[in-house]
Every structure is written in structure tokens, then in C-alpha cells.
Amino acid sequence: MALPAHISPMGRLAHYGYLIFCGSVLLFLIAPILVIVPLSFNAAPYFTFSREMLQLDPSAFSLRWYRDIVQNGMQNPNAAFGWAYLVDSWNNAQWIHSLKNSFVIAIATTILSMLLGTLAALGLTSPGMPARGLVTSLLISPMIVPIIITSAGMYFAFSTMGLTGTFTGLIIAHTVLGTPFVVITVTATLEGFDRNLIRAGLSLGASPVRVFRSVIMPLILPGVASGGIFAFATSFDEVVAVIFLADYDQRTVPRQMWAGIREQISPTILAMATILVLLSIGLLTIVELLRRRTERMRGTTL
Amino acid sequence: MMSGTIANVRPPAAQLDGAKRRQVLRQYRRSQRRDSLRALALVAPLCVFLAVMFGWPLATMLTRAVSNDDFGAVLHRTSASLAEWDGTGTPSERVYADFAADLRQARDEQTMGQVTSALNFEWTGARSLLMRTVRQLSSEPENGWKEKLIETAPDWGNPDLWILIKRLAQPYTSRHFLAALDLEQAADGSIQGVGPEKAIYVTLFWRTLWVSAAVAGLCLVLGYPLATLLARLPLKTSNLLMMLVLLPFWTSLLVRTTSWMVLLQDNGVINSMLVWLGLVSDGNRLSLIFNVTGTLIAMTHVLLPFMILPLYSVMKSIPPSYVRAALSLGASPVTAFWQVYLPQTIPGVLAGTLMVFVLAVGYYITPALVGGQSGQLISNIIAYHMQQSLNWGLAGALGSLLLVGVLLVYWLFNRLTGGQGLRMG
Amino acid sequence: MAAVTFENVSKTYDGKVSVVDNLNLRVKEGEFLSMLGPSGSGKTTCLMMLAGFETATSGEIYLGERPISRVAPQRRNIGMVFQNYALFPHMTVAENLAFPLRVRNISKADIAPKVKRALEMVELAHLGDRLPAQLSGGQQQRVAVARALVFDPNLVLMDEPLGALDKQLREQMQYEIKRIHDRLGLTVVYVTHDQSEALTMSDTVAIFNFGKIQQLATPDEIYETPCNSFVAQFIGENNMFSGTICERGDGVCKVRLANGDQVHALTVTDAPVGATTLLSLRPERIRIDPPAADGWTITTGEVIEQIYVGDHLRVLVRVFGGHEFVVKVQNRSAGNGLTPGQKIRLGWRASDCRALDAAAGQAGAA
């Protein structure tokens, strides 16, 4: 942003002050995430940059905390790398165990949320829907109620249904929390959907099923997909419900981190955090690509 | 669009006569009903799912907060015979006999704990009193249970204790809610504040309130200028900078909290840097964590994107011509900002502040990890009663109060914005 | 005295492409000047530089005698009507009008009558308490005009102010703006891409393309004597056909067409003999069955099609071995007996056919 010639020195000062302020806020946002990445390669079990690290001494960096993710809990962590080592790690390492749980629960949650959420969004945007506003706010209310209350209530209710300490219980809990995101994104997509396209498809000779498959689906799919990714991220990140409802067998990555931080924070957590940052970069990229695709189709920007 | 479609479908009923008109109207209503049913059928699965898996749990929590089931169930004979007692003098022999029978059964079924903890909460020394009493239950008394129990412990001759037991044996109780507000019911039934050493919840509610308000305020102060910049920059640049806002938004809460623990520790990155820069001496490292400061810093960071996104989306919809118009009409840039730009961003400010405030009020993880003693919020004490003290009734009461508070804030927001609802990025 | 002067003004955003290219322009006191051109021709950028929202890369703009590139927009005292009006949505109509007076620290007692008078001028005195969103498009437009005038600016800028209105309302508003201009003796710079708007309202029209003024003249001059092929094509309808100059005389020339025919034309271009030229001929200047008179070009053609427009008929005629000419015939009586395939004689005054430069092909014009 070039400054016009008529700006006074005071105005100039204010402008640069404003830019510096915004830069600092951006730094505040991103710095915590960036700091843990190099620290996860720290060879020493400390949480600050050692002199050697700042001098980029290779011996100050190591992958030991990443190795710990794979090994911690293995029956025979010192075995030579090979098939047996991998099987041992897959079956016994704590972090691998929680990673498996996280993915199983998140994927199941995603599928269930997308199914329920998309159906509900189709209903909410169809012309005959009575009391639309009220129903919408009821359907997204799990986003509004503090998670601690939801989890406490679920603990009471699920224990009478025998759902505590089960995968089913966790998947249900996460679906409750994740579905509102699908409802919101798909409803937004459908509201921007021009119903004349359906009529056009029919008038061009396609059957209703064909129109749904070749016209409606491709257009609302980005919305459904980003809703699904939101649901996935919600489940993958969620820890309060897991604390209340899960046993050791269902321990997820955030739950494992929670336990680790409360007991004794070890740099292994930073290594895991780095992996999670990579995962969130991946999810963010997918959502951005989907959003841009939609915008390109609507011809609004870019 | 929707109303337009309906208007087109509506038949010109006025021009039709008698039977024909009724028939058309009927067909029209039928087609409307079919549309509604189809829409409802699509919404139904999620509605049912949420009713069972979300609505019912919340209802369970509310009933927990008022129910007295355990106590009344264990002492079911006693509570039945106490119902006839008018509360003056000591109860009849029958009450004492039933009480002994109930206690014996509870001892055998190992349900004494529920009686003990409830009674101990309100009657000092109830635990040892009950333990002493239970030991005397093996042999039948010679002169009836009344005499034997009073002999064992004179408390059993105190009518106040029996009034308390009668009250605790009711199926519903207000004691959890009273306790959640640092109140209790005195022996005579009047409501009074608890002693200062037990009064912690009101303080916690106030702290939760001010911490949340402070976090919302901090987010607004940090987020507003940044959002204006993002809304003004060309799309290519702003999309790039937006990534810096969205990445924290997408990064796991625990990752971000962990990283603040790493940064804020006494030996963490920030203190090490300050010492290295000579701003702080090695002995006087700032205590930035395990107190309210840590909670404020970490929660502001975690919730900042929730402020920036609605602000940005509102600001993006304000064309630059408004500020230009104000300037061309002679307003200084400052006047143009305060009188023209800012009023138009109010919906975004309200939405963002509400989002951050409501999320902050219910925050659990971050205060638990970085808050220490002084940085704990109401959620943490709910979790404590859920998991450690196992006082579920109190946890339910605290949760219900929190829920009512959150819903009130939403209601207020809807009133303020005229029911426009939330706008997210 | 000139109210506004552009002196060698250039503007570029990326250092490569000039949006405005070495522009010189004078707007006289009390003049209504329209900037007309296709989108991206630089007209809006000129307006924004004048208002102070864009800065010229080089050159200077004067308001009267005063150079203004170092004057902040809010100190220029220029009234502006924006494309979508930019009425402040959170202020009532009266508050919108009071805004420029308030920021000038005019006392409350003086503001009220001024606002009232401005509202009366645009016939909206009864709507002062409404919010802009509660007004119709036409009413919003009037409020925008009133707001730009209420503080007695030296100069009023209008950026496509009628673009959002439907045709009928637009014509009515053109008349009203013109009336206000005449009554108050304002200097107005008006940007539009609608040529009929520019032609009906303005004292002077500046035709923009590629950041340059192609022609600056009165509306009738612009229409009757376009100085180059871009203006000819952009304003009104024209039959354009190209040929080679084979003879240049005193103001007239002889042009050979692709099929070998030769026509006389008024020389506007300064291209030499042998160069290509684009000839332009207004459809309403072509006569069917013309009188055999001196200075007329006569040819024959074949009727392709006849289109009924209402007040006139458009006849499509194939001439000169392939060119399709549009001929406008006034609708005097029912049917003129022309049928497709019919051979007819047609002709025009040689001075109505203008030989212009050959560059019109690249202009992205309508």
C-alpha cells in the first residue's frame, strides 16, 4: 500500500505504527506454533533453545523424540529395525496406539456426521421446511453449549446406556460435536445453489437421479467435504469428552498428550505436536482448495 | 426466492367458484404438506440423534443437580416412617428401628458411602458418627433401637439431625444449587451463606466472568486492527496472511497450549530471551505461567481467530466507497473511521465478542494446564467434582448454572442484533 | 477561468501499463463535462485522482489555480456522488446530509435549514427520518446528489451515478441532474459508459480509451465529426468498411475497396496515398433511391433482411461485393415494398463518408 502524497508526517507515523501492530499480532498468532517445531528436534530434554542449537550445531539436534513416539511402550525397543520391530511398535507403542484410536474415531465420526449433517441440510434448505430458524438453531446447539457441560451430561447418560469406555460412545459424542459444522457448511452451499440448474438439467432430458448425480452432487460436494473435514478436525482435536468417557483402550492422541503434560511434560509431546501441526496444515490446505474451487465456480474472486 | 416460489404456486383461488375452488385449495394444501413432510423426514435422523445423545444427557445433568435419589433410596424405610413425624421432639421407636434396618442393609450392600458423604457435607462429624453406629448394629437391642442409638451417640437424640435426614431423604433437593451459590439451608430451613472458608464458587463464577470478558476484550483490541488490514489488502496478500490466522485455528488446542507452556515456563523461551537481552535478571524470571497471566495469554491466543474471522467477513462486505464518501464530504480520516466505518462493523464486533466470550466461559483444557491455582475457571471445578470428589449433584448444579448463563448471553446477543445470528468466516 | 486542469497526468499501478497516459484537460467554470469510455479506459481513475483517492504517478492536477496532489481528500471541498451512492446505512437521510456540515463544525442551528433546503431541492423533504435502506433506488440517488451539494462544493464529481437505475428512471434523473446543474451553475465532472447519457447531459464530452482522451468536443461534434475510428465506432452506430487511399485532394479523397470499387470520402486521417483507411458511414445518412445529384456516391445493393424496430426500419443490404450495410429508413407508412433478394439503388453524400485511421480493430469498444 503506497502512501499518497498528501499524508502528513503524523499520518505516516500512524500508518507505520498500525502496520507494525498488525505484524506483531500475526507474530503472536503464529510464533507458538513455529517455536515448537525446532524444539522437537532438541537433543537435550529442555524446552528452550540451547546455545548449540542457536549455533546450528548438528549434534544439538536429534530425532530421539520422534523415535520415542514409535518406541515408547514397545516390548523390545532395542531390537534391530525390521518386520518384528514394526509389528511390536504397531501393537504396543503407546503413541501409535493413541494414533490408531484417534484415526478410527475421527474417521467414523466424519462419516456419520457427513451423513446426518448433509441429510439435515438438504431438509433445512428445501422449500417446505417448517420453523426453519428454530430447527437450525437446535441442530447447531452442540456448538454453543460449553463442552464441559456436554461431556458431564454424556457421562451421566452414557453410563446408564453402557456407552462409557467404548468406541461407540466416543464416536457418538464426537458426532454430536462435529455434525453442526457439516450442517452449517452444507446449508451455506445449498443456499447458494441455483435451483434453475435442476430445472435446466431436467429440461435437457436427464432423469432426476441423473441430475442429482451429475449436477447437484458435483456442486455441493465441496461444501460436504469441507464440513466433513471440520468434523474430522473436531474429533481429532477433542479431549474433554475423551477424558470423561474413555478408558485406556480408547485413549486418543490429545488424551495421551493431556496425560503426558499433566504428569511430566517430555519433548516427545513436542514431536507429536509437530506431527499434528503438519496434519493441520494438510487439512487447512484441503479446505482452502475446496473454498477456492467453489469461489471460482461462482466467479466471485481470484 | 422461497416466498416467490410459493406465490407462484398459489392458485388464483379468488377467481374460482365454490367446489372447484375448494378442490384447488385442497390440492394446494396437500402438496404443501408433502413438501413439509419430505423436509422433516430429511431433518428427522439428526433431530432424533441429537435428542437422545445430546438433549437427554443435558436433561440428565439437570436432574442430577436436583435429585436426591441415592440418599432416599438407601434409607427408604426410614424416609417412609419419617414422613409421619411432625418434626417436634425425637421421632418414634419405629423410625429408629427402620433406620437401623436400612443401615444394616447398606452395610451389607456396601452403599453406605452415599449416605455418609451426603450427611457429612452438612453435619460435622457425621462420618465417624455413622461408623460408630454401624458397629453397634450386629445385636438386637433390649430396650428398643431408640435407646440404644442415643446411647451410642447422643447426636441421635438431636431433632435437628432427624430434620436433616428427613430433608435429605426427599426425592428432590435444592442443596446442590444452594451449594453452587455458596449458600446452605440451616437446620431451621432458612437459607444462609456458608462460612467464608467454604465459599469458593461465587468467587469462581466472578473470576470466570472477568477472565472471559478480559480475553474477549484482548481479542478485540488485537483482532480489530488486523482484521481491517486483512479486509483492505489486495486479495492475494490477504489470503496469504489469512493463512497465519487460520493455521492456529486449525492446530490442535493441546498443541497450542503445550507450546505456551514451553514458551512461558520459568526456563522457557520467553524468559530465556528476556534474560539474554538483559531485561530481566536471572534470579527474577517472570512467572508467566500457572497463574491468571498464563490463562489470559494462552486463551487470548487460542480464541483470537474466532474474533478475527467474523470481523473480517463483515469488514470485507463494506465497500471502500463509504470511507471515501466520508472523506470527500470533508471528514478527517479519524472522524471517517469513528463515525462511518466503525458503526458498520458493529455486527462483526458483537459476533466476535460473543463467540470468544462464550467459548472462554466454558474453557477447561487451557486453564487446567497453564492456569495453576489462581487461573482455574468454573469448568475446572466442575471437572473436579465429576472426577475427584464425585459430588455429581454439585457438578450438575454448577454446570446447569453455567449453561443458563451461556444461553442468557446468546439471548441477549440475539436481541442486540435483531436475530441475525452468527456470521462466521 | 479553468475550474480543473490536468497537466501531463500519468498513472500506472505496476510501472508497465499506464492506466492514464500523459493526460491534459481543462474543465471550465460552470461546465458539465462527461468522461465517456469503455471500462478500463482510465476515466474512473481520472475521477479518483481528482477526488484524492488515487495519486498520480506524474503530472499535477489543479483546482482553480491550486495544485492539489498534496491536499488530502477531505480538504479538497469536492462533492462526489458514488457509483452505489455510498449513503451511510446507519444514519438517516437527514443525518447523511448533515454529516458534511457537522464535520465542518457548522452550528446545529445553521445545519437544519441547509439540510431542509437540500432535501427540498431533490423533492424529498418528507423522507428526512428514513434510513437509506428504506428508500427506493431513485430516492437514494437523489439523496446522494443532495449530500454532494449540501456543503456548497466548488466542484461536483459523479461516478456512474445512474448505473443502478432502470431505463425510465435513468432518463428522468438525467433531466433532474441537468436542471440542478443549470440552476446552481455548478462545475460537474461526470463519468459514465452510457453514451446517450453523456450526449444528452454534457456541455463537453471527453472520449477515453487506453488512458488517453481520444476526442474532446461538444456532443454534436462528437457524433457528427468523430476524429478517429475508435470514436466513430464507440459513439452511435456506423457502417465501417476499409479500403486503400488512392488519391488525396483538398479535404476529400478517393478510396479503393476490396472489390475494386472506388468511393469518395471526407479525409480525416492524415495517412498518405497507398495507406489503408477505415471508412465510416452513419446508417441514417444512407438513402434508398437517392436523387442523382452532385457530390453523391451512388451504388447498388441487394436487400438481405428488413427488421422492424418501431419508429424506424433497419434494412440490411449487401454492397461492394460482400459488405453488409445497415440502412435506417424512417417508418412513414406501413411497408415500403422491400423484399429480401431485391436489388436496390442506394447513395449518400460523399462528405458523410469519413475516411479515418485504420486502427479501430484493436479498440475493445462496443
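User: Hi! Of the 425 residues of chain B, what share count as buried?

Analyst: In chain B, 40% of the 425 residues count as buried. A residue is buried if 20 or more other C-beta atoms, placed from the backbone, lie within 10 Å of its own. This is a predicted model: local features need pLDDT of at least 70, side-chain atom pairs count only at pLDDT 80 or more, and totals for chains, interfaces and linings use all residues. Residues are numbered from 1 along each chain as its sequence is written, while chains are lettered from A and ligands numbered from 1 in the order in which they are written.

User: Thanks! And what percentage of chain A is buried?

Analyst: For chain A, 42% of its 302 residues are buried.

User: New topic: how many helices and strands does chain B have?

Analyst: Chain B has 20 helices and 2 strands. Both are DSSP runs numbered from the N terminus: helices are H or I with at least four residues, strands are E with at least two.

User: What radius of gyration does chain B have?

Analyst: Chain B has 31 Å, whereas a compact globule of 425 residues would be near 22 Å. The radius is taken over C-alpha atoms, and the globule rule is 2.2 Å times the number of residues to the power 0.38.

User: Last one: what does the C-alpha trace of chain B span along its principal axes?

Analyst: That trace in chain B spans about 100 × 95 × 35 Å.

Note on methods. Buried ≥ 20, exposed ≤ 12 C-beta atoms within 10 Å, placed from the backbone.
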